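Hi everyone, thanks for coming. Let me walk you through a pocket and a few charged pairs.

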Amino acid sequence: MANADYNKLLQDYVNAPYDVLLAVANDSLAKVMPVFNELADDGNGAGIVLPFICTALAVDGKFTELEYKFIKDLLEIDQSYDYFREVVQNYYSAEWINAVDGLIDSCPDELKTALLSFCLAFVSVDEKISKEENAFIAKLMA
């Protein structure tokens, strides 16, 4: 992808309203969960999708109230901000970034596109993409 196209893609996500980002995340989740459910030993792919969510939220080292609202709205889970912050902080590492990158690289293109959209919605929800988030998305796309 050309640099100008990549920058436009990021800007389009940053400019998207909250409801649009939530719809993108819901749509992407609906596409990936059947595959992840099939891959999971127990039939529940949540453990496979969780690293994508948490790593995307953790990569910039911040967990905002808006990101908290987004994850609650998406997953319809009623846990406290502190609970989610603690979970997300566990994914703040190069090891998790590399693990998520390796997993996305092993996916077929259609699933990869859905996962990229999913991650982009998370990194964009606070209306900015940090250099760390940019590097994370670029790594996933490479």
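Helices here are DSSP runs of H or I with at least four residues, and strands are E runs of at least two, numbered from the N terminus. This is a predicted model, where local features need pLDDT of at least 70, side-chain atom pairs count only at pLDDT 80 or more, and totals for chains, interfaces and linings use all residues. Residues are numbered from 1 along each chain as its sequence is written, and side-chain values use heavy atoms, leaving out hydrogens and water.

First, the pocket. On a 1 Å grid over the protein atoms alone, a pocket is an open set of points with protein on both sides within 12 Å along at least five of seven lines, and lining residues have an atom within 4 Å of a point. Fourteen residues line the largest one, with Leu50, Ile71, Leu75, Ile77 and Phe84 nearest its centre. Two or more lining residues come from each of α2 (18-39), α3 (46-58), α4 (65-75) and α5 (81-89). Which helix gives the largest share? That is α3, with five residues.

Now the charged pairs. A salt bridge puts a side-chain nitrogen of Lys or Arg within 4 Å of a carboxyl oxygen of Asp or Glu, and the count comes to six. In helix α2, Lys31 and Asp27 sit four residues apart, about one turn, and their closest N and O atoms are 3.2 Å apart. Asp78 pairs with Lys72 at 3.3 Å. Lys128 and Asp126 also form a salt bridge, at 3.9 Å from N to O.

Key: On a 1 Å grid over the protein atoms alone, a cavity is a set of points where a 1.4 Å probe fits but cannot get out, and a pocket is an open set with protein on both sides within 12 Å along at least five of seven lines; lining residues have an atom within 4 Å of a point.
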